[in-house]
Amino acid sequence: MFEATASSKINIYTSHFIRPEGILLIVLLVVAFLPVLLVDIPAMADYPNHLARMSILMRAGTSEAHPYYEAAWAPYPNLAMDLVVPFAGRLIGIELASSFSI
């Protein structure tokens, strides 16, 4: 019978990360994500609008809520940012959370 040792289990599960393709994938992902991390304001014409919307949604339902805006939720397919960024913005700041979601 074949008995799997701890080292063979590790090799089975981690071997795809050690291969050159896995290393290349990680390097390409880091290189692709660098432009977002290296600039303060992304090169998007509507970024200020997204940032303002996230700020309003982050404060919705709190004592800091804006008196002229109300969050009206509906199942829109292209607004996943609205679900993630307001909650992450409370932890890491709205600017950083918005830049990660782009």
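**View 1. Crossing of helices H3 and H4.** H3 passes H4 in a right-handed crossing. The model shown here is predicted. The axes of the two helices, H3 and H4, come within 9 Å and cross at roughly 65 degrees. H3 and H4 are therefore roughly perpendicular to each other, angles of 65 to 115 degrees being counted in this class.

**View 2. Residues in the contact of H3 with H4.** On the H3 side, the contact is formed by His50, Arg53, Met54, Leu57 and Met58. Their counterparts in H4 are Met81, Asp82, Val85, Pro86, Gly89 and Arg90. The residues of this contact comprise six nonpolar, two polar and three charged.

**View 3. Salt bridge between Asp82 and Arg53.** The side chains of Asp82 and Arg53 form a salt bridge with an N to O distance of 2.8 Å. Asp82 belongs to helix H4 (residues 80-92) and Arg53 to helix H3 (residues 47-59), so this pair ties together parts that are 29 residues apart in sequence. Asp82 counts as buried, with 8% relative accessibility, whereas Arg53, at 27%, counts as partly exposed.

**View 4. Salt bridge between Arg59 and Glu64.** A salt bridge joins the side chains of Arg59 and Glu64, with an N to O distance of 3.8 Å. Arg59 has a relative accessibility of 30% and counts as partly exposed. Glu64 counts as exposed, at 54% relative accessibility. The count of salt bridges in the model comes to two.

Terms used: Residues numbered from 1 in each chain as written. Predicted model: local features only at pLDDT ≥ 70, side-chain atom pairs only at ≥ 80, totals over all residues. Heavy atoms only, no water. Salt bridge = Lys/Arg side-chain N within 4 Å of Asp/Glu carboxyl O. Helix = DSSP H or I, 4+ residues; strand = E, 2+ residues; numbered from the N terminus. Buried < 20%, exposed > 50% of the residue type's maximum accessible area, 1.4 Å probe, protein only. Axes fitted to C-alpha atoms, helices over the stretch in contact; angles between N-to-C directions. Parallel < 35°, antiparallel > 145°, perpendicular 65-115°, else oblique. Left-handed = near helix turned anticlockwise from the far one by under 90°. Contact = heavy atoms within 4.5 Å. Nonpolar A, V, L, I, M, F, W, Y, C, P; charged D, E, K, R; others polar.
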